[in-house]
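Please find below my notes on the model under review. They proceed from the whole chain to single residues.

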Amino acid sequence: MLSENLFSENTTLSAESIARSHRLAFLWCFFYAVAWSLVSYHLDPTVPYDAIEALNWASNGEWGSPNNPWFVGFVARILSFSDSSEFASAFWYVGHFSVISLGMLGCYFLAHKLTDSPAMAWLALFTLNLSGVINFEAIPYNDNYLLFGSWPWLLFFFVKATYDDPKWWIPFGIVAGCASMAKYTTFAPVGIVFLLSLFVPQVRKNYQNRYFYIAILVFLALILPNFIWLVENNFSAFKWVGGQVSAQISPGSWLAVLSVFYPFILVAAMLGKKGLKRRLEVPQKVHLTTLVLLSPLVPIMAWFSFHKGERLVEWLHPFFMPAPAVLVGYLSHSVVPYIKRPLKILLVMAMVILVGYASVLVFNVRNAGQKFVGIKTLSQDAESFWQEITDKPLKLVGGHYRAQWFTFYIGSHPQLTNQWNNETLPNVYNRHINEEMIREYGALILGDLGKGCQPGVFDSFSKEWPQFELTEQKQIVFQESPQDPKMDACLGIVLPK
């Protein structure tokens, strides 16, 4: 696939050879996205709960959400283009792997920018194959994949703006703003860039350039609406993060670092002594990108040495995505001839992980291939019951928290009946809901599971909206997966006008 002269230490590569390498990198990332999109879409039993959150935040259309800033919901608004639950599912998987493949390509170009070596760039790109970050570990989250796709380009634009042309500060500002509004974690590398602009002359000189100020204005324009939203909504996202962390001595937190960055140990073993020679003179651009990406880990891990956070691994994942590109910048070009064999192994590992993931789902290992699949049947039963009673479109659902999945798996994507509360800070809610809406559109309510249609099964709805009566009810059976016990469930309807 790759030209032999890419792996020759002393060969000066032609522009055509480099361009061909770039084209092959694009094709690799494209086919990687296609393969993982097809496998996950066809074999995953259901989308994760983060998909329901993203769709809900999109329907509210606010400048923030209880867990994240606004960009996650903004991207999910694509779901409003279709009334098909199949389209919604396809978007979740295709969207994830399209963005991730874009980040993979960014890792390749960042590595090439730092090393001027296509072989080194391929080593950085294929190192990602050892990690679940670019595939199955990205699927459950509505925010991390956006950072996987943007952080390598964030560093690439930083290097281009600092060493090539100040005009690159504008795309840096756009990507920095959007990535920060996907997840607050992005403020870590962006903050380091700001510090470098104060203390490193090569970066500080940009204060004399108008493009640098344009980038700052673009960045502020993207993040300030979220700050205003946070003030108006009791800083809910910060409180959510605080609720994920508890104060206690936690040396085990360092295992999270190992679980994220272990691929570098494996690649080092593949390269061996001959392939781990350090450059005699490491360029400043490599040092600066290292500071931007990895220096935030020092205060983060110092904090988590005395605090326990169940989501630490998830929060560290974005730091891995550009890391191979940064770290190959420290390798001597004399190791290029020793890269070819590790690349072959890493190529095989990409296929092994894909086949392994598909096999786990096909053979339903630990119920992975049928987990929670019953929510699709429940959604169909709910929609059918609504259509039996009224010919009006279904626009509102509520009750038991499992009804939140109706917003995704019922094609019209109905909204929820529960309101926002500045004290309880619910993950999903309906900012626009009011009594008049429920009277006009009606609502489909799911009762507490396992109780059938006994009195009180709709209390979660009735306590919030006591003025409404569920005049139509139907008892059905719900089973999360074929391996789980069956439960009686009750559907109720507040009739529309």
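How many helices and strands does the protein chain have?

1. The protein chain has 21 helices and seven strands. Helices (H or I, at least four residues) and strands (E, at least two) are DSSP runs, numbered from the N terminus. The radius of gyration is 25 Å, close to the 23 Å that the globule rule gives for 497 residues, so the chain is as compact as a globular protein of that length. That radius is taken over C-alpha atoms, and the rule is 2.2 Å times the number of residues to the power 0.38.

2. On the basis of the model: this is a predicted model, in which local features need pLDDT of at least 70 and side-chain atom pairs count only at pLDDT 80 or more, while totals for chains, interfaces and linings use all residues. Residues are numbered from 1 along each chain as its sequence is written, and side-chain values use heavy atoms, with hydrogens and water left out.

3. Along its principal axes, the C-alpha trace of the protein chain spans about 80 × 50 × 45 Å. Of the 497 residues, 55% count as buried (under 20% relative accessible area; exposed is over 50%, partly exposed in between, with a 1.4 Å probe and protein chains only). Among contacts with a separation of 6 or more, 78% come from residues 24 or more positions apart; contact means heavy atoms within 4.5 Å.

4. Five strands form an open sheet of mixed pairing, in the order 4-3-5-7-6; two strands pair if DSSP finds at least two bridges between them. Strand 4 (415–416) and strand 6 (472–478) stand at the edges with a single partner strand each, so one side of each is left without a neighbour in the sheet. Strand 3 (residues 396–399) runs parallel to strand 4 and is joined to strand 4 by two bridges. Val397 has Leu416 in strand 4 as its bridge partner.

5. Is Leu154 buried or exposed? Leu154, in helix 6 (residues 144–163), is buried, with a relative accessible area of 2%. Beyond its neighbours within four places in sequence, Leu154 is in contact with Phe172, Val175, Ala176, Thr186, Pro189 and Val190. Trp169 is 15 residues from Leu154 in sequence and 9.9 Å away in space, C-alpha to C-alpha.

6. Asp165 is found in the loop between helix 6 and helix 7 (169–180). Asp165 counts as partly exposed, at 30% relative accessibility.
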